Amino acid sequence: MKRSLLIQHLHLDYWTMILVVFVFHDSHPCPENYFDPMCRYTCNCKATCSLLGYCDDNGCKRGYFGYHCQYRDLATHWDLPTTIYTDGDDTTCQDDDTVTSVKIPMPIMTMTFFMVTISPEPTSKEMLEEMTYELEQNGKKIMCDNWNVTNFIDNNIIYVYCLTSVNVTSITLHGKAVALLCTVNISGGRNVAINQPIRFTPLDQYAARHAGGVDGLYPTSGALNPVTCFKGSENITKSIYEITLDVPKLISYFMIINTPEALNMKKLAGFKIITRDDKNKTISTYEEGSNPPGGRPNYTVPHSAALVPVKYIRLEKDNALNFCELEAYGDCLPGYRELECLYNCTENCVEGICELHGKCLECKVGYWGKFCQRVCGTSCVGNLCEQNKGGCILGCLPGYFEYDCYRVCENCIYNNCTMDEGLCIGGCKKGFQPPSCTDECVNGYYGINCSSQCGARCPKECTKDEGYCLNCQPKTYGRNCEKNCFNCKQEQCDQKTGNCTLGCKDGFKEFDCSLTCSNCKDGKCHQETGNCTLGCNFGYKGFDCSLSAAEWEILKENYTLQLAIVGFIFFVLVVLLLARLLRKKTPPPQSVVAVGGGG
């Protein structure tokens with residue numbers, strides 16, 4: 001069973017506050033067929049609706065659709081044979097692959113939006129995305145003035161927004177989606193005049209109340225009912241009935257429901273409808289012209305200024321005025337939402353425009369969600385993402401994947417991977433194996449895509465990235481164990497330096513044991529200093545036994561001479577130093593002064 005056209009949304013702002021107050025007045029429910037905490041709106045559900053206007057899982061009655069079933073459906077509200085597209089039943093659908101085009105007639109009205117529902121199939125969304133449409137007025141093509149936007153409600157339900165200032169008489173759909181078409185709903189607006197404040201000329205003495213003209217109630221008998229209709233005074237030269245909308249709204253057309261009996265029906269003939277803006281400036285005037293003089297059961301009057309905000313609606317005529325209901329079909333100004341049109345659309349809606357329940361028609365770049373309150377992933381190309389689920393429209397920036405591009409491509413050689421599965425494009429980085437590049441190379445392999453085998457000297461154990469050996473065999477060292485170490489005890493040497501880790505075999509010295517212990521007794525010497533530990537072989541001298549006996553004698557003589565020279569120099573220095581010290585201690589000679597008498 002396919003879902004109903006009713007899209008239910010929970011609002012936690014205005015409605016919730018009113019609901020809290022209303023709980024204490026539960027003993028005073030709304031009259032039948034009304035909803036809203038203040039009982040202002042009519043219920044258009046197939047059965048009953050909740051206090052807040054939600055249908056009890058039964059959907060909208062035929063002729064209405066959309067938010068709280070408030071929108072009048074122009075595809076059904078007129079005298080044409082019912083088809084599977086206009087029967088109000090989403091379970092009766094086209095099932096013929098050869099049908100790729102259909103024309104849906106409508107009363108001559110301006111266009112605001114329409115909704116298309118097809119059978120839920122795996123490819124339903126793709127079909128609706130490819131679907132095209134044409135608007136016509138008696139064969140002449142009409143273009144959208146504004147809001148040429150599509151918005152998916154579900155994979156098989158799409159809203160198409162197209163605001164026109166020119167009247168339209170039909171919509172033609174083209175594409176494979178037509179072969180699965182179930183329902184087409186064309187917005188005729190919603191009655192924004194219901195239960196709005198009014199002012200009027202005096203009532204007839206038999207009138208029961210004055211609100212009959214906008215209460216949403218129609219005559220139920222063949223006679224004028226003063227409870228549900230407006231009955232003006234008979235003794236008056238000009239009658240006036242004026243509606244003041246709580247906030248300005250766009251009006252597409254008016255419907256006036258006349259009194260049912262012929263005697264009073266003529267009292268509506270010759271009426272005028274005048275609209276004014278919030279500054280009381282006249283917008284449009286329509287004169288009925290008493291055609292026919294006896295009046296008609298009801299009138300549909302297009303508003304010639306459908307794109308101009310209206311604040312006041314005046315119905316007037318000469319002499320007495322009788323009618324049962326004055327309905328004004330339209331909607332909120334762009335940028336406003338909810339039935340009262342008091343709340344702004346969120347700031348992230350493109351041009352500040354949203355549906356009546358607040359869902360943005362389009363999000364600004366970088367945002368997604370019903371109210372465009374969520375931020376697109378920073379890894380989306382162009383920062384663009386799909387409104388309903390946040391999927392990146394143009395794909396991911398290099399290095400990211402998945403629907404919303406939040407996951408990082410791991411271990412890809414070019415840092416890029418497929419958007420759906422994250423498979424590396426161009427292969428894996430060194431040390432990882434395709435296709436996912438998440439697993440390391442198995443033992444014995446290394447490098448890009450694990451395409452290289454470890455060297456012959458370490459066939460099973462090497463680093464996964466560069467292939468360097470992890471454990472060399474005895475007597476080998478180096479990154480790839482390509483070098484040999486010699487003369488090490490137990491053939492063990494450091495893998496990086498080649499130095500013997502357990503020392504040298506007898507007869508060898510240095511860290512890598514590359515030099516022999518020459519001329520040492522039994523070939524034994526200290527590994528680091530090279531000094532012979534057991535002395536020298538016959539004929540050799542020195543700590544490391546590197547000198548012959550003759551060389552040793554020469555060295556010894558040179559050493560003795562050098563020592564004598566150094567001793568002599570030291571002796572001379574000591575003598576000079578002592579002489580200097582003695583000179584400082586000897587006092588200077590005293591001067592003698594002669595003393596004598598004068599002669």
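Residues are numbered from 1 along each chain as its sequence is written. Because the model is predicted, local features need pLDDT of at least 70 and side-chain atom pairs count only at pLDDT 80 or more, while totals for chains, interfaces and linings use all residues.

**View 1. The centre of the largest pocket.** This pocket has a volume of about 740 Å³. Its lining holds 31 residues, and those closest to the centre are T150, N151, F152, E386 and Q387. (A pocket is an open set of points on a 1 Å grid over the protein atoms alone, where a 1.4 Å probe fits, with protein on both sides within 12 Å along at least five of seven lines; lining residues have an atom within 4 Å of a point. A volume is the space filled by probe spheres set on the points, which are joined across faces, edges and corners.)

**View 2. Elements around the largest pocket.** Look for α2 (124-130), β7 (132-137), β9 (146-154) and β10 (157-163), each supplying at least two lining residues. The most come from β9, with six. (Helices, H or I of at least four residues, and strands, E of at least two, are DSSP runs numbered from the N terminus.)

View 3. Among the 19 lining residues, T42, N44, K61, Y64 and G216 lie nearest the centre. Two or more lining residues come from each of β13 (190-191) and β22 (325-331). The pocket lies between domain 1 (42-191) and domain 2 (198-331) because both give residues to its lining; the domain bounds come from an automatic or database assignment.

Technical notes. Side-chain values use heavy atoms; hydrogens and water are left out.
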